[in-house]
Amino acid sequence: MDVRKDFPILKRGIYFDNSATSHKPKQVLAAVFNYYNNHNANIHRGIHRLSEESSERYEDSKKTLSKFIGAKDWKRIVYVKNATEGLNLASHLLNLSKKDKVVITSMEHHSNILPWRVNSQVSVVDISSEGVIDIEDFKSKIKGAKVVSMPHASNVLGTINEVELLTKMAHEEGAKVVIDAAQSAPHLKVDVNKIGADFLAISGHKMLAPGGTGLLYVSKEFSESTPFMLGGGTVFDVTNQKIEWADMPERFEGGTPNIGGAIGFARAAEYLMEIGMDNVRKHEVSLLKNFFKLNEEKLVEIYGPHSLKLRTGLVSFNLPGVHSHDVADFLNARNIFIRSGKHCAHPLHERLCIPSSARASFYIYNTLSEVENLFEVLNEIKEVFS
Amino acid sequence: MNLNKLLLIYKKAKSEMEERTHNKKIEGKNISCGDEVTLFLKIEEGILKDISFESSGCAVSISSAFLLAKQLKGKSIEEVKQLSNEEYLKLIDMEEISTSRRKCVLTPFITLRNNLD
Ligand SMILES: Cc1ncc(COP(=O)(O)O)c(C=O)c1O
């Protein structure tokens with residue numbers, strides 16, 4: 001993919017930690033720079049020219065992002081600082097009590113466990129040994145659930161869940177559905193209408209956008225809910241007697257938002273749409289294929305589905321006899337940057353019966369030869385540790 | 001300490017791991033990476049007469065447990081309680097460890113220090 005020139009930081013080394021956060025292309029940085037240099041003002045407040053320009057650009061950014069996720073109405077998009085905030089906001093808007101049943105899966109990131117654990121009864125759907133949701137267990141656990149919250153793609157296993165089907169099943173049981181799309185939106189086409197979920201959370205910073213960006217898609221049904229963050233921007237009117245909340249999405253965005261971030265977020269979505277999400281996916285599958293091929297001798301133990309169709313462009317693995325931190329440290333000494341540990345998914349590591357794992361996660365700027373490089377060093381690590 | 005030296009110590013540490021006669025056993029964990037360490041102490045009149053250990057974890061934490069056993073054997077409990085993290089790192093020649101690995105090195109030591117009464 002001819003994008004490497006857009007990422008000067010690639011000269012620092014081979015970056016395989018994209019699931020944690022991605023690099024940002026020049027175009028995104030330029031968009032943010034341009035906004036602050038030429039248009040900066042607060043939105044929705046002033047009637048002066050700069051404020052108007054900023055408001056327009058802010059709204060336009062939502063139009064771009066609604067196109068990116070297939071939402072028909074840009075007003076369904078609420079900006080948050082990351083997927084974690086999005087999931088917390090969804091949990092708040094669902095107005096749960098300790099008696100309510102919420103179904104999650106064994107492959108969650110902590111950000112899709114904790115917002116539910118503190119205010120409801122959580123029931124956990126099991127996964128198969130290959131890391132795929134056990135559909136029979138899903139069927140039985142969603143009975144009587146008020147909410148089903150699940151990842152579109154797992155940040156450890158890479159599993160792409162059949163969220164369209166699972167959402168339909170959950171809705172048939174009368175449950176509301178929340179999708180954690182933090183690990184899917186950067187890598188595959190996400191279509192909120194097709195999925196049919198009530199809420200969908202995305203981290204902008206994992207898809208080429210600046211830090212502090214993310215969104216929560218909120219379905220119309222929840223547009224009248226009481227906001228979580230109360231303050232400026234969330235109301236039409238306040239008197240000493242009453243409060244009249246503003247419409248969506250302002251209602252849910254208390255205070256001055258990250259306007260420059262929003263501009264960058266939209267530019268990142270545009271950048272990805274210019275490449276085409278199908279091409280992003282194809283590229284990542286080719287890297288995955290290379291990884292699996294280079295591992296034919298089973299140098300490392302791989303977690304998650306073996307069918308590449310079922311996984312995103314990341315591989316969690318262990319080099320037998322070597323702790324993941326040692327693997328990551330050694331790779332770092334060779335300028336290859338991967339993640340090690342439990343990736344904010346402690347229950348999943350417990351389920352897999354492993355203390356930790358190493359994770360190489362790919363993106364548009366990674367190359368086949370970088371994957372080969374990784375394996376060369378992994379072989380070296382095996383040698384020196386044996 | 002450079003990587004080659006660390007690897008040598010790690011291999012030695014793995015081969016010398018054992019549970020020797022003790023009158024106190026303490027266990028420690030570094031949750032975030034799954035490191036586990038068990039220290040077997042033989043304490044006589046306030047002195048750490050012997051320290052042996054078992055550990056599963058990364059090369060850094062296992063090496064640290066090994067060096068801890070070597071360096072702190074013979075010291076009094078009072079001396080160990082007075083030892084700061086920095087002093088410990090210096091003692092085992094790991095002051096230059098990267099910030100991200102500090103937890104790995106310190107797990108055995110903090111386990112010991114917090115369990116001496
Ligand atoms: C599946 C999943 N959900 C949620 C999150 C949280 O994202 P953020 O840190 O942007 O809030 C992550 C981040 O790693 C993730 O991988």
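Helices (H or I, at least four residues) and strands (E, at least two) are DSSP runs, numbered from the N terminus. The views below come from a predicted model, in which local features need pLDDT of at least 70 and side-chain atom pairs count only at pLDDT 80 or more, while totals for chains, interfaces and linings use all residues. Residues are numbered from 1 along each chain as its sequence is written, chains are lettered from A and ligands numbered from 1 in the order in which they are written, and side-chain values use heavy atoms, with hydrogens and water left out.

**View 1. In chain B, a salt bridge links Asp50(B) with Lys73(B).** Asp50(B) belongs to strand β3 (residues 47-56) and Lys73(B) to the loop between α2 and α3 (77-82), so the pair ties together parts of chain B that are 23 residues apart in sequence. Asp50(B) is buried, at 9% relative accessible area, whereas Lys73(B), at 47%, is partly exposed. Together with Glu18(B) and Arg20(B), these two residues are linked in a network of salt bridges.

**View 2. Helix α2 of chain B (residues 59-72) is largely enclosed by the rest of the structure.** Twelve of its 14 residues are buried, among them Phe66(B), Leu67(B) and Leu68(B). After α2(B) comes Gly74(B), which has a positive phi, near 95°.

**View 3. Chain A and chain B meet in a contact that takes 14 residues from chain A and 16 residues from chain B.** Contact here means heavy atoms within 4.5 Å. The area buried between the chains is about 1100 Å², of which carbon and sulfur atoms give 55%; buried area is the accessible area (1.4 Å probe) that two parts lose on being put together, summed over both. On the chain A side, His323(A), His325(A) and Phe385(A) lose the most area to chain B, together 38% of what that side buries. Two salt bridges are found across this interface, and Arg101(B) forms a salt bridge with Asp326(A), with the closest N and O atoms 2.8 Å apart.

Key:
The expected span of a helix is 1.5 Å times one less than its number of residues. Buried means under 20% relative accessible area, exposed over 50%, partly exposed in between (1.4 Å probe, protein chains only). A salt bridge is a side-chain nitrogen of Lys or Arg within 4 Å of a carboxyl oxygen of Asp or Glu.
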